[in-house]
Amino acid sequence: MEPRKSTTSFLYIAILLILFVVGMSFFLQSSYFNIEEVKLEGLKEIPLNEIERLTTDVPGQNLVLLDTKRLEQKLLLHPLVESVKFKREYPKTLTIDVTERTTEALVLVNSGVVEVDSKGIYLRRRESWTTESYPVINGVTIPDTAGPGQKLDIPELKAALALLGQAPEELKPLLGEVYVNSIQQITLFLMDGIEVRLGKGAQWTDKLKALYALINDEGYKTFKSGVKYIDFTAAKPVIGR
């Protein structure tokens, strides 16, 4: 008789387990978990209402069953959104943490400038200068068909951004203009107007460090007012006066 008792106990436990799973399934799909609040974090440049417009259909959805992949794809359509993270705060709150793309440089175009990030993503176009100071890239032609969110596959732009990516952070505020010609030779113009000839290359770290050290050298500062250009195309920098 012992086997019959064991079988009965097993069936009893199995039925309870099934009932529990079914009950939990109904509970998790119930209105108890309907989203009532969406919190947005990390926004600095992006206006709040632009992200709110992309999340208007979120309230009322089930927090447990929310398709975050689909929502992520929707939010990434905004040109200034680089990535998003979601945090479910049960039972009814969803927090969206937005990482924004940041401007690396301005590209001169007809009647304005285009902001681009370090990867060459077209962020937005402005008809006037920004209040923040960014290096200006000149010599790059952006097609009229290009628009926000598009990655610009332009060799001259890639060359300029590669240089800026290797520049010491303390040097960047001193860079006024990055000029790139059609064969990707680069010339810098410092904020004080001095021309820095770099030529063509891919590795700029050493030259840019040397440039920063030179313009901060006390000896250089004594005759800086007479300097017209600094030529780094040779093995050693040449100062033209």
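We start with the whole chain and then zoom in on one residue.

First, some ground rules: this is a predicted model, where local features need pLDDT of at least 70, side-chain atom pairs count only at pLDDT 80 or more, and totals for chains, interfaces and linings use all residues. Residues are numbered from 1 along each chain as its sequence is written, and side-chain values use heavy atoms, with hydrogens and water left out.

You'll find 6 helices and 12 strands (DSSP runs numbered from the N terminus: helices are H or I with at least four residues, strands are E with at least two).

Switch to the C-alpha trace: it spans about 105 × 45 × 35 Å along its principal axes. The radius of gyration is 29 Å, while a compact globule of 241 residues would come in near 18 Å (taken over C-alpha atoms; the globule rule is 2.2 Å times the number of residues to the power 0.38).

Now color by accessibility. Of the 241 residues, 36% are buried (under 20% relative accessible area; exposed is over 50%, partly exposed in between, with a 1.4 Å probe and protein chains only).

Next, select helix H5, residues 205–215, and pick out Ala210 within it. Is Ala210 buried, partly exposed or exposed? Ala210 counts as partly exposed because its relative accessibility is 34%.
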